[in-house]
Amino acid sequence: MLILAFEDYMVQAQRLGHTLGVAVQKVFLHHFPDGESLLRLPTSLPEHVIICRSLNQPNDKLIELMLCVQTAKELGAKRVTLVAPYLCYMRQDIANQAGEAVSQQIIGKMLAGLFDDVITVDSHLHRISKLNQAIAINNAINLMATDEISDFLKQQFEYAVLLGPDAESQQWVSTIAKKIGFDYSVAEKIRQGDKQVSITLPEYDFNNKPVVIIDDMASTGRTIAHATELLLAAGAKQVYVVVTHALFCGDAEEHILQAGVKKVWSTDSISHSTACINLDHLLAAAIRKIL
Ligand code: R5P
């Protein structure tokens, strides 16, 4: 077995390789001036290859993934596993207006055609409950980082209130709260546009309490920023944030900090300055299970 990793996920891939006792090699990547990508893989590959790359900034990465897996197969790989802790295009699960592409199903079908196994973490599954409803292969595995986040929070706080900023976050925030014995509640959110959300806090006394917002991802940061403003207005002592996937597009991080968040933490699913919760043991256990 060999792990093939791209530069942007190299540190995490090496941690995973170390935990599994599997060698890691880098995929050489060159971007031509016109935006096309050139990939070069090690010329001798074992039967089972694991390709590691998180799929934030997805459009280039999906093409490169396709080039990578096809080349790996030409170079001798018989089984190719994708480890993509952040899986893109999972949010568009219906056509909101007639004529819209249902990206979750289309990208899912593409990945199912390319890979024997797909492993991801805290994927945004809303109207479907299982990843193989989008990626129709037996080993389409959606792991939860809730144990890792729980352990982390236990080290940071003796007590805090957890808040899920919208209905989708209930699954993560409730699991974490039960595990560490903290109170939790879930807000209601309506998204009006990419950067416009309205949030209603639940009936709960946040006064003078430290609150941790838990979500699967921060993209524009508007969800977290708005929830923070409401929490501080409701008297919360401090507001902290833990997200699995630190996308932080554009001015997201600045926006969150301006709203008054004291500290942001994330998993290492995406390389980011807030990443401090490592996923290698979670991913390694899932890989061992499918062998
Ligand atoms: C959506 O339901 C997700 O769980 C996140 O809350 C959302 O994607 C965050 O997006 P943004 O940071 O752009 O508000």
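**Notebook: the ligand and its shell**

I sorted the shell around the ligand by residue type: two are nonpolar, five polar and eight charged. I counted Asp, Glu, Lys and Arg as charged, Ala, Val, Leu, Ile, Met, Phe, Trp, Tyr, Cys and Pro as nonpolar, and the others, Gly among them, as polar.

The model is predicted, so I note its limits: local features need pLDDT of at least 70, side-chain atom pairs count only at pLDDT 80 or more, and totals for chains, interfaces and linings use all residues. Residues are numbered from 1 along each chain as its sequence is written, and side-chain values use heavy atoms, with hydrogens and water left out.

Which residues come nearest to the ligand? Of the 15 around it, they are Asp215, Asp216, Ser219, Thr220 and Thr223.

Next I looked up polar contacts (pairs of N or O atoms within 3.5 Å). An oxygen atom of the ligand lies 2.5 Å from a side-chain N or O atom of Thr223. For Asp216 the distance is 2.6 Å. For Arg91 it is 2.8 Å. Taken alone the ligand exposes 380 Å², and the protein buries 95% of that (Shrake-Rupley method, 1.4 Å probe).

Last, I checked salt bridges (a side-chain nitrogen of Lys or Arg within 4 Å of a carboxyl oxygen of Asp or Glu). The count comes to 10. Lys26 and Glu7 form one, at 2.6 Å, N to O.

Conventions: A residue is near a molecule or strand if one of its heavy atoms lies within 4 Å of it. A polar contact is a pair of N or O atoms within 3.5 Å; within protein, one must be able to donate a hydrogen and the other to accept it, and residues adjacent in sequence count only if both atoms are side-chain atoms.
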